Amino acid sequence: MIGGLFIYNHKGEVLISRVYRDDIGRNAVDAFRVNVIHARQQVRSPVTNIARTSFFHVKRSNIWLAAVTKQNVNAAMVFEFLYKMCDVMTAYFGKISEENIKNNFVLIYELLDEILDFGYPQNSETGALKTFITQQGIKSQTKEEQSQITSQVTGQIGWRREGIKYRRNELFLDVLESVNLLMSPQGQVLSAHVSGRVVMKSYLSGMPECKFGMNDKIVIDKQGKGGTTDDSGKSGKQSIAIDDCTFHQCVRLSKFDSERSISFIPPDGDYELMRYRTTKDIILPFRVIPLVREVGRTKLEVKVVIKSNFKPSLLAQKIEVRIPTPLNTSGVQVICMKGKAKYKASENAIVWKIKRMAGMKESQISAEIELLPTNDKKKWARPPISMNFEVPFAPSGLKVRYLKVFESKLNYSDHDVIKWVRYIGRSGIYETRC
Amino acid sequence: MLLSVTGEIFELKAELNNEKKEKRKEAVKKVIAAMTVGKDVSSLFPDVVNCMQTDNLELKKLVYLYLMNYAKSQPDMAIMAVNSFVKDCEDPNPLIRALAVRTMGCIRVDKITEYLCEPLRKCLKDEDPYVRKTAAVCVAKLHDINAQMVEDQGFLDSLRDLIADSNPMVVANAVAALSEISESHPNSNLLDLNPQNINKLLTALNECTEWGQIFILDCLSNYNPKDEREAQSICERVTPRLSHANSAVVLSAVKVLMKFLELLPKDSDYYNTLLKKLSPPLVTLLSGEPEVQYVALRNINLIVQKRPEILKQEIKVFFVKYNDPIYVKLEKLDIMIRLASHANIAQVLAELKEYATEVDVDFVRKAVRAIGRCAIKVEQSAERCVSTLLDLIQTKVNYVVQEAIVVIRDIFRKYPNKYESIIATLCENLDSLDEPDARAAMIWIVGEYAERIDNADELLESFLEGFHDESTQVQLTLLTAIVKLFLKKPSETQELVQQVLSLATQDSDNPDLRDRGYIYWRLLSTDPVTAKEVVLSEKPLISEETDLIEPTLLDELICHIGSLASVYHKPPNAFVEGSHGIHHNCILMLIVYNTGHYCPSGDLLGDLLNLDLGPPVNVPQGSSMQIGAVDLLGGGLDSLLGGDLGGGVGGSPAVGQNFIPSSVPNTFAPSPTPAALSSGLNDLFELSSGMSIATGGYVASKTVSITGHYVHMFYCLYFFCCVFSFGVIPTTPLAMHTPLMPSQSIDISLPLNTIGPVMKMDPLNNLQVAVKNNIDVFYFSTLIPLSVFFVEDGKMERQVFLATWKDIPNENELQYQIKDCHLNADTVSGKLQNNNIYTIAKRNVEGQDMLYQSLKLTNGIWILAELRIQPGNPNYTLSLKCRAPEVSQYVYQMYDAILKN
C-alpha cells in the first residue's frame with residue numbers, strides 16, 4: 001500500500017510530508033527531489049523506481065504530488081487516489097497552489113489522516129468529509145449527529161447525508177461533450193470519437209431516487225420491439241450507439257448491467273453522473289481544409305479553409321484555429337475573411353480567432369511565411385493544425401429523454417422539480433494534418 | 001526569517017508552555033511545519049505531549065501527528081501519551097475513539113503496543129462501524145510491528161469475523177488487512193476463501209466505496225473457483241464493475257475476469273460474450289488522465305499478448321496524438337505493432353510514417369523500428385515498408401538512417417533474396433553511421449551480400465582502419481563479414497582477411513574476438529570446403545515476434561493486472577523486498593539466449609563447440625602451426641598462413657593456449673571434470689558483461705545475459721548455484737526443463753539471499769555460478785557491486801561513530817582519492833544516501849567540507865568514512881576505517897562508481 005505522500009513546490013521544497021509505513025525512510029523525500037524534480041531530462045514515466053522504492057507522481061500547475069511505496073501496490077489505485085486528493089483539496093480551499101497549500105497545511109494533514117489509513121484509501125467523498133473535517137473542532141455535535149456522520153462515512157450511501165431540505169427542488173443537467181478528430185490532409189477521418197460527460201447539480205430534499213434516460217440505442221431498440229411502432233419510428237433513427245460508459249459510484253451498476261437503466265440516489269450539489277464514449281455517426285462541427293505550399297527554401301504559403309457543418313440556426317462560439325509555423329520563421333503576413341489572426345512567435349503558430357460563426361458557412365485564411373535559411377538538415381515536422389470551438393449541441397447526437405425524481409417520504413413529486421438541461425459540444429483534440 | 005535552529009526551538013518551547021490555549025495551538029502548528037521541512041524538533045517532545053490533554057480535536061490531531069513522527073526516537077517519553085490514548089478509546093464520540101486507535105497503531109514502540117491490545121479488542125467489537133473499520137486496519141498495523149502478538153491475542157480471528165460484518169466498509173477494510181497479513185504467511189489459509197465468504201464479499205462489492213471495491217476485487221482475484229459454474233457466477237457479478245468511473249476498479253475487475261476466463265469452456269456463449277465485454281472498458285481507460293492512461297497501456301500490452309482477440313478491432317484508439325506525453329506515445333506505439341495485421345496494415349504504416357517525422361528522438365527511433373517489425377510480421381506489407389524505410393533514409397536525418405539500416409538487416413533476414421536491390425542506396429549512407437548497432441548492421445549486410453557489391457572489399461576495408469576503436473559488436477561482425485567476403489571472392493581479398501585475422505588475434509585483448517579469430521583461421525586453414533559450409537550456411541528465418549514476454553512470466557503478470565508489477569512488466573519479487581527477515585533477497589536473473597541470427601559466430605555451428613569442450617590441452621606451438629599450414633587455395637594462402645601466422649602467433653604463448661587443435665574428436669565429448677571457465681564458455685554462451693543491477697539500494701536484481709553462440713543445438717539448463725563471500729546462496733534450486741531452441745531466449749530469475757555459508761573469495765564481490773546442462777557443467781564468475789550489500793540501517797549514532805572511529809586502530813585506515821568529481825557536498829551525501837551510505841555529520845574546516853559517513857554490510861561489518869571535499873578541487877580524499885580492512889578497496893570502488901554515475 002501507499003507508504004507515504006509528499007507534496008513539493010516547483011523548486012522541490014517539501015510542503016507536505018506524511019509517512020504511513022515504516023519501510024519508507026527519511027531519504028525517500030530527497031530521493032524523489034533529486035531524481036525526478038531536479039532531473040535534467042523530461043519526465044519519461046509517471047512511475048519511477050529509485051533504489052527499490054517506487055514513486056508515483058502527478059503535477060498540478062507547479063505543484064508535485066508524489067506517492068511512494070516499496071510494495072507491489074495497485075498502481076491504478078494510487079493514481080486515482082492522487083487525483084481524488086487533488087479534488088478534495090480543491091473542494092476545500094480552491095486552486096492547488098503553493099500559497100494555498102502552505103496556508104492550509106494543518107487541514108491537509110487532517111485530511112490525509114482521514115482519507116488514507118496505513119496507506120489504504122478510505123472514504124474520500126467531499127460531501128461526507130465536510131461534515132466532520134471542518135477545522136472547527138467537533139465539540140458541539142450531539143450524539144445523534146455523531147452517529148449520523150459515522151454511518152454516512154462508512155455507509156452504503158456515503159456520498160449523501162440525510163435531512164437535506166430545499167425550498168425549491170431544482171436540478172441542472174449539463175451534457176458536456178468533447179469531440180476529438182484526427183483528419184488526414186486529404187480529408188479522410190483517421191480517428192474520431194466523442195467523449196462525453198453528464199454533469200449534474202442537484203438541489204433536492206430528502207433522499208430522492210432518480211432515474212435517468214437517454215436515447216441509448218440498446219434501450220430504444222429494446223423498447224421498440226415491445227412498445228408502439230409509432231414511438232420507435234420516431235426515436236429509433238435518432239438513437240445513438242454508446243461504445244462504453246462509466247458511472248459515478250452512486251449509480252447502481254448491477255441494475256445498469258442487467259436492465260441498462262440508470263438509477264441512483266444523487267449526491268447533493270455538483271457531481272459527474274456519467275462519462276461515455278461514442279465513435280459512430282459523429283457530427284463533426286467543423287471541417288478544416290489545409291493547403292501548404294513550400295515556395296523555395298525560404299517561403300511557405302498556407303491557406304486554410306474552415307467549414308461549419310451544423311444547422312444554420314445554431315451559432316458556434318470561441319472558434320480558434322492554430323496553424324503551426326516552422327521554428328525558423330522570420331515573418332508572417334496573414335489575410336483572413338473573418339475574425340482576427342495573429343502570428344505568435346513565442347508559440348510558433350498563427351492563431352486565428354473568430355468569435356461566432358453560424359452553421360453551414362465557410363471562411364478562410366491565407367498566410368505567407370518567410371523563413372530564415374538554416375543549415376538544419378532535419379525537415380520541419382509539420383505539426384497538425386488544431387482547432388478549438390464550442391457549439392450548443394451534442395456532437396454525438398445524445399439526447400436526454402427523461403430524468404425522473406421520486407421521493408416517497410417527502411411530499412414533492414417529479415412534477416414539482418424544476419429541471420434544466422443544456423448541451424455543450426467542445427473541441428477535444430481536433431486536429432487536421434497538413 | 002532565518003533563525004538558528006537552537007534559537008527557534010527555544011522560542012517554540014516557550015510558546016508551547018504558554019497559558020493561552022490558542023497560543024499553544026499556534027506553537028504546535030509551527031512545530032509541525034518545521035517537522036515537514038525536515039528540521040529536527042524531537043527535543044520538544046515533552047512540551048508537545050503536554051498539549052495532548054485537550055478537548056480541541058484539531059490540536060489533538062496535530063499532537064498525534066507529532067507523536068507518530070517522533071515516538072520511535074523517544075520511546076520512554078512516548079509512554080506518557082499512553083494514558084491519554086486509552087482514555088480516548090473510551091470516549092463517547094466515535095470519531096475520537098477511532099482517532100485514538102488509528103494513531104496508537106502508528107506508534108511503533110513496543111511498550112505502547114502492549115497497551116494497545118485491550119483498547120483494540122474493544123474497538124473491533126465497537127457498536128459504531130466507523131470505529132470497527134479503523135480497528136480492522138489497526139490490526140494490520142500491529143501485525144507489521146509485532147506479528148506474534150497479533151496471533152497470540154487472537155486478532156486474526158476477530159478480523160475474520162469482520163468479513164461477515166453488516167457494514168460494507170468494515171468488510172472491505174478487513175479484507176484489505178487480511179490480504180496484507182496473509183502475504184507474509186504464504187501458506188496459511190488466513191483469508192479462508194470459501195464459497196460462503198466469497199458470496200459475502202460479492203455482496204459488499206455492490207455497496208462499499210470505490211476503494212473498498214478495489215480491495216475486494218484484488219482479493220477475489222486470488223480465489224480459485226471450484227468449477228466453471230462458480231467461476232461464471234463470480235464473473236457475472238463482477239462484470240458490472242467494468243462501468244465504474246474509477247479506473248482502478250475497472251482494472252481490478254479486468255484482472256478477475258482475465259483470470260477466471262481460463263476456467264470457462266472456450267466454446268460457451270458466455271465465454272465469448274465476456275470477451276466482447278472486456279474491450280470497451282479498456283478503450284475507455286485511454287480517455288482518462290495521462291498517468292492512468294500509462295498504467296492502462298502497460299496492462300493492455302500484457303492483455304494483448306495474452307488474448308489478442310479482445311482488442312484486435314480497436315487499433316485506431318492506439319494511434320498517437322500529437323500532445324500525448326512521451327510515455328503514453330511510446331506505449332501506444334508498442335501496442336500498435338502488436339495489433340498490426342493484414343487488415344489494418346495500410347493505416348498503421350501511414351501513421352508510423354507520420355511519427356517518424358516527429359521531434360522526440362526515442363519516439364522516432366521506435367517508430368522506424370516499428371516499420372521494420374511490421375514488414376516482418378505482415379508479409380504482404382513488406383514491400384511497402386521497405387519503400388517507406390527508403391524514403392526515410394532519403395531524409396538523411398542521422399538517427400533515422402541508422403535505425404532504418406538496423407531494421408532493414410532484419411528484413412533481409414526474413415525475406416532473403418528479395419530486396420537486395422536497395423543495397424546501393426544503403427551503401428551511400430555508410431559514412432554517416434556512428435552508432436555500433438547501425439555500423440554492425442551495415443557491415444553484416446555488406447558481408448552477407450558481398451558477391452553482389454562490387455566494392456565490398458573497399459567498403460569493409462574502410463571500417464578496418466579504426467578497428468581497435470570499434471565496439472566489440474562491430475569488431476566481431478567485421479571479422480565475420482570479411483571472412484565471408486574472402487570465401488566468396490578469395491582471389492582479391494587475401495590481404496584483407498590476413499589483416500583482420502591478425503588484428504583480431506594478435507592486437508586484441510578481447511578473448512571473444514581472439515577466439516573467434518583463431519577459429520576462422522583454423523577453419524580456413526584446415527578445410528576450406530567445410531569453412532564455406534559453416535560460414536556461409538543457410539541461416540534460419542527470424543521469428544515474427546521478437547519481444548514477446550515469456551509465457552510463464554506473462555501468466556504471472558496477468559495475475560497482477562493493475563499493480564506495479566504490471567507497470568514494470570516484472571514479477572513483484574524483482575522489485576519488492578521479502579517482507580520478512582533481515583536478509584535482503586537478491587535475484588539473479590539469467591537471460592539465456594540462443595540466438596542464431598546476427599551473431600555471426602552463429603555460423604560456426606555446433607562442431608566448433610566440441611573443440612572447446614574437451615579439456616584444455618597445451619599444444620606445442622610448432623605442431624599447431626603445422627596443422628594450420630594446409631594448403632587452402634592452391635598455394636595462394638601459403639603466404640597468409642605460413643608466413644604471418646607462424647611468426648605472429650608463435651611468438652605469443654599465452655594465445656596459443658586457447659588454441660585447441662582440431663585433433664579433438666568431432667563428437668560431443670563432455671570432459672570428466674568440468675572445464676574451468678575460460679574461452680570454453682565464451683564459445684557456447686555469450687556472457688554479457690553489461691549486467692544491469694538496479695542502482696542504489698541494497699541487494700538488487702542482477703541480470704546476466706548469456707547468448708548462445710551456435711545455431712543447430714538445443715540444450716537445457718538445469719541448475720544454478722552460487723557461492724560467495726557474503727554467504728549468498730539461492731533460496732530455491734532452479735531447474736529449467738524446456739529445451740532452449742535456436743534464437744530463443746529465456747529469462748530465469750533465481751532469488752538469492754545471504755544466509756548461506758560464508759566463504760572468502762578473491763575478489764571479495766566475486767559471484768560464482770555453475771550452469772549445468774545436457775552438455776556439461778559450466779562455471780562462470782561475475783562481480784556484484786558491493787553496494788548491493790549495504791544495508792538500510794547503516795546509520796550510526798553520532799556518539800557511537802566517534803567512539804568506533806577512535807577504537808579502530810590507525811593502521812586500518814586507508815586513504816583513497818576520488819578523481820574528477822564535480823559535485824557539492826549535499827549532492828554527494830544525497831547520492832550516497834540513496835545507496836545506503838549515510839552521512840552522520842558534516843563539518844566545514846578551513847573551507848573544506850568534511851563528511852563523516854557510515855555504512856553496514858549484510859554480514860554486519862561496519863565501515864566508517866571521512867570524505868574531504870575542497871571547493872574547486874575535483875579530487876576528493878576518502879579515508880576509510882574498518883575492522884576488516886580488506887573490504888575498504890571495494891567500498892572505495894563503490895564510492896567512485898556512485899559518485900561518477
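Tutor: A salt bridge is a side-chain nitrogen of Lys or Arg within 4 Å of a carboxyl oxygen of Asp or Glu. This is a predicted model, in which local features need pLDDT of at least 70 and side-chain atom pairs count only at pLDDT 80 or more, while totals for chains, interfaces and linings use all residues. Residues are numbered from 1 along each chain as its sequence is written, chains are lettered from A in the order in which they are written, and side-chain values use heavy atoms, with hydrogens and water left out.

Student: How many salt bridges are there over all chains?

Tutor: The rule just given is applied to side chains of Lys or Arg and of Asp or Glu. Over all chains, the count comes to 69 salt bridges.

Student: Are Lys332(B) and Asp324(B) buried or exposed?

Tutor: A residue is buried under 20% relative accessible area, exposed over 50%, and partly exposed in between (1.4 Å probe, protein chains only). The side chains of Lys332(B) and Asp324(B) meet in a salt bridge of 2.9 Å, N to O. Both of these residues are buried.

Student: Which helices hold Arg369(B) and Glu403(B)?

Tutor: A salt bridge joins Arg369(B) to Glu403(B), with 3.0 Å between the closest N and O atoms. Arg369(B) is partly exposed at a relative accessible area of 36%, whereas Glu403(B) is buried at 8%. The pair ties together parts that are 34 residues apart in sequence, because the residues lie in helix α20 (residues 361–377) and helix α22 (residues 398–414) of chain B, respectively.

Student: What area do chain B and chain A bury between them?

Tutor: The size of an interface is often given as the accessible area lost when the parts come together. Buried area is the accessible area (1.4 Å probe) that two parts lose on being put together, summed over both. Contact means heavy atoms within 4.5 Å, and here it takes 112 residues from chain B and 95 residues from chain A. Of the area buried between the chains, 54% is on carbon and sulfur atoms, and the total is about 8,900 Å².

Student: Which helix of chain B gives the most residues to the side that touches chain A?

Tutor: Between chain B and chain A the count is 14 salt bridges. One of them joins the side chains of Lys61(B) and Glu110(A), at 2.9 Å, N to O. On the side of chain B that touches chain A, the most residues, 8, come from helix α8 (residues 129–145).

Student: Which residues touch the most other members of the largest nonpolar core?

Tutor: A nonpolar core is a set of buried Ala, Val, Leu, Ile, Met, Phe, Trp, Tyr and Cys residues joined through side-chain atoms within 4.5 Å. Not counting residues up to four places away in sequence, Tyr66(B) touches several residues, including Val31(B), Met35(B) and Phe45(B). Among the 283 residues of the largest core, those touching the most other members are Phe56(A), Tyr66(B) and Phe412(B).

Technical notes:
Helices (H or I, at least four residues) and strands (E, at least two) are DSSP runs, numbered from the N terminus.
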